[in-house]
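Here are my notes on this model, point by point. Please read them with the structure open.

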Amino acid sequence: MSGLDDMKAALEKKLDERRAIHVERTEKESADFRAVLMSGIKIPPPSELTRRVDALGSNWNKTESVLPRTTGLVEISGSAGLKKIDETFSQLFELHSFYSTDRLAYPTVYSTTLEDFYTPMLESYDVSQTTLQEIRNQSVEEAKIVAREKGGGVWGYNLPGKGAYLNGWLFTYNKNIPPLEALSNPELAPKIAVIAIHEKLGHGFLAAYSTLGEVKTRLGLDRIELAHRFGLREAEDPVSSLRTEQHSLIFNASQFLEEGWATWLETFMGVVLFKFGDHPNHSFKAIKAAINSIPEYVPQRKEIVDKLLASMLTIFGEYRVSPEDLLTATLTLEAMGGAFQDELGQPLRYAIGERMMVQAAQNLGPLCVPYAALIAANVTFDLASLGLSDLKHLLTSDPRLNPNARLAAISRLQLTERNNVRELASRASEELNFSIPPEIK
Ligand SMILES: [Zn+2]
């Protein structure tokens with residue numbers, strides 16, 4: 001074949017792949033809608049639903065909720081500055097009072113080339129050098145296309161206990177600034193810091209300090225997640241596919257917690273430490289508008305919209321609700337968790353999760369937020385002996401075993417003394433009957 005034919009064949013293959021992805025996506029969306037319709041969430045009368053959804057967040061005092069116990073601007077320029085963020089995080093949330101801070105004592109690595117950025121992630125998969133180079137070359141080429149076409153890509157990732165890696169190439173893409181200089185650039189340095197916060201102190205903190213994180217790391221579920229983010233396929237042997245299934249069940253049951261915590265923290269610390277950006281990222285108004293943007297042609301559209309809005313009310317409204325109601329509400333919203341990226345700038349699960357953390361900061365005090373996350377993630381599953389359908393049953397029927405539903409319930413507790421972690425622990429144990437990590441009891 002001539003070079004031209006090769007190119008044509010390659011292009012056609014790419015087009016076919018894109019078509020397949022499109023069909024897959026549409027099918028997935030209608031499955032998500034069906035899941036929402038099947039949920040048993042109670043919908044208030046129409047006028048009450050609108051009035052109560054409109055009132056969400058109106059009594060929120062922004063300044064008071066953002067205020068931590070200690071504050072002070074942090075100088076983050078230069079790669080040494082990235083280390084300071086970990087220390088400031090520990091101080092801000094008084095981590096040393098409960099846990100050893102050592103678990104965060106692994107490096108934050110700023111890569112100046114795409115090759116360097118991909119290498120640690122690929123090396124963690126234990127593949128041969130040849131395969132590694134092959135996948136890396138392919139990933140680098142794909143990353144360039146995504147950056148060119150969408151102006152984005154993977155900004156950073158965390159390998160629990162090993163390193164948090166930042167994509168210096170992407171931060172300076174099309175900017176005419178050498179990657180290393182970005183670290184002292186007044187506009188780019190805070191953006192880089194915020195990604196480090198999201199990856200290492202958001203996801204990395206949960207991986208290092210929570211029971212769920214320990215389970216995920218031990219079974220390699222966090223690496224399956226990483227492979228998905230980088231668009232890599234895992235080996236198709238029975239063990240891997242079982243792991244992938246387990247992963248997707250646990251992933252769905254903990255995304256409000258994971259992304260909510262990481263998203264809340266990144267803007268909270270951004271504002272507190274370097275007066276950067278806005279906190280929080282997501283408003284109820286924007287979430288409501290996103291839900292209302294479901295197109296008219298979707299069958300039973302009104303019922304889907306109402307169920308999603310009613311679920312929001314259950315989690316964020318002021319009426320008393322049962323743990324079972326909170327579980328139904330989180331499952332209903334999670335069915336659409338990956339949607340609304342265009343409307344919200346992030347998928348729905350980031351927005352709902354962040355609002356749960358905002359609610360926790362309001363009711364418990366900001367200092368309690370990481371500990372609320374650890375209590376929510378204080379669940380463990382014996383995945384070696386638990387079948388897939390048993391695991392699914394546990395995660396969708398018992399509010400005390402579903403991390404998202406646990407977070408929803410914890411965020412609604414009202415402490416007598418805000419910012420008191422011990423009170424949070426005893427109230428979550430007594431009123432919600434939740435297991436509590438021994439360190440904060
Ligand atoms: Zn994240």
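1. Strands β2 (residues 156-159) and β3 (residues 163-167) run antiparallel and are joined by 4 bridges. The model is predicted, and every point below should be read with that in mind. Within the pair, G156 stands opposite L166 of β3. Y157 has Y165 of β3 as its bridge partner. The two strands form a hairpin, with 3 residues between them. In the turn, G161 has a positive phi of about 75°.

2. Which residues of β2 point which way? G156 and N158 point to one side of the strand, Y157 and L159 to the other. All four names are on the buried list: G156, N158, Y157 and L159.

3. The crossing of α5 past α6 is right-handed. On the α5 side, the contact uses L114, E115, Y118, T119, L122 and E123. On the α6 side, L132, I135, R136, S139, V140 and A143 take part. By class, the contact of α5 with α6 has 7 nonpolar, 2 polar and 3 charged residues.

4. Compare the contact of helix α2 (residues 46-55) with helix α13 (residues 301-316). Their axes are 10 Å apart, at an angle of about 50°. α2 and α13 are therefore oblique to each other. Here α2 passes α13 in a left-handed crossing. L49, R52 and V53 of α2 meet D306, L309, A310, M312 and L313 of α13. The contact of α2 with α13 has 6 nonpolar residues, no polar ones and 2 charged ones.

5. How many residues of helix α19 (residues 403-411) are buried? The count is 9 of 9, so the helix is mostly covered. The buried residues are P403, N404, A405, R406, L407, A408, A409, I410 and S411. Note that R406 is among them.

6. Helix α11 (residues 238-274) is a packing partner of α19. Their axes come within 6 Å and cross at roughly 40°. That angle makes α11 oblique to α19. A253, S254, F256 and L257 of α11 meet P403, N404 and L407 of α19. This contact of α11 with α19 has 5 nonpolar, 2 polar and no charged residues.

7. The loop between α11 and α12 (284-292) deserves a look, and P280 lies in it. The peptide bond from H279 to P280 is cis, with omega near -10°. K275 is found in the loop between α11 and α12 too. Its phi is near 45°, a positive value in a residue other than glycine. Is K275 buried or exposed? K275 is exposed, with 9 other C-beta atoms within 10 Å.

8. N174 is another residue to check. N174 has a positive phi of about 65° although it is not a glycine. Its place is the loop between α7 (168-171) and α8. With 9 C-beta neighbours inside 10 Å, N174 counts as exposed. The cut-off for exposed is 12 or fewer.

9. Last, the whole chain. The protein has 20 helices and 3 strands. Of its 441 residues, 39% count as buried. Among contacts between residues at least 6 apart in sequence, 70% join residues at least 24 apart.

Notes: Residues numbered from 1 in each chain as written. Predicted model: local features only at pLDDT ≥ 70, side-chain atom pairs only at ≥ 80, totals over all residues. Buried ≥ 20, exposed ≤ 12 C-beta atoms within 10 Å, placed from the backbone. Left-handed = near helix turned anticlockwise from the far one by under 90°. Contact = placed C-beta atoms within 7 Å. Nonpolar A, V, L, I, M, F, W, Y, C, P; charged D, E, K, R; others polar. Axes fitted to C-alpha atoms, helices over the stretch in contact; angles between N-to-C directions. Parallel < 35°, antiparallel > 145°, perpendicular 65-115°, else oblique. Pairing = 2+ DSSP bridges.
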